[in-house]
Amino acid sequence: MTGADSNSRIAAETCANCGTSLTGEYCPQCGQSRAELKRPVIGLFTEALDGVFTWDGRLLSTFRQLFSRPGRVAREFVDGRRRSYTPPIRLYLIVSLVFFAAMAISGIRIVAVNITADDAG
Ligand SMILES: [Zn+2]
């Protein structure tokens, strides 16, 4: 279970969409989540961050597969076998965060802009 799931408030015992009695996290009749959507904005923000940056074993597994068998992760995703890999958006955000942190720490600049004032202004 992810942190986002554990942070979700649980709504009533019947589905708000179809009225079916709920026994799990999702309605067995229509598939709607039973998570309550009315919650504080800060809760939504932290939940989104938690969903993106939650560390789990899938991240290492995904990286291992990406470097050892390029293309396999994409093929598995297309074929629907996604559960054992980190979702692409999360992977992209994590890689971007690490990249920009490494750039900031190392002082390397990819783009350098020099602005000089001439006599005209
Ligand atoms: Zn339902």
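A disulfide is a pair of cysteine sulfur atoms within 2.5 Å. The structure holds 0 disulfides. The model is predicted: local features need pLDDT of at least 70, side-chain atom pairs count only at pLDDT 80 or more, and totals for chains, interfaces and linings use all residues. Residues are numbered from 1 along each chain as its sequence is written, and side-chain values use heavy atoms, with hydrogens and water left out.

The chain contains 5 helices and 0 strands. Both are DSSP runs numbered from the N terminus (helices, H or I, at least four residues; strands, E, at least two). The order of elements from the N terminus is α-α-α-α-α. Contacts are heavy atoms within 4.5 Å. Of those between residues at least 6 apart in sequence, 44% join residues at least 24 apart.

Of the 121 residues, 20% are buried. Buried means under 20% relative accessible area, exposed over 50%, and partly exposed in between (1.4 Å probe, protein chains only). Cys 27 is buried at 4%. Cys 30, at 35%, is partly exposed.

Arg 34 lies in the loop between helix H1 (3-7) and helix H2 (41-53). Its relative accessible area is 11%, so Arg 34 counts as buried. Its side chain makes a polar contact of 3.2 Å with the side chain of Glu 13. Such a contact is a pair of N or O atoms within 3.5 Å; within protein, one must be able to donate a hydrogen and the other to accept it, and residues adjacent in sequence count only if both atoms are side-chain atoms. The Arg 34 side chain also reaches the backbone oxygen of Gly 24, at 3.1 Å.
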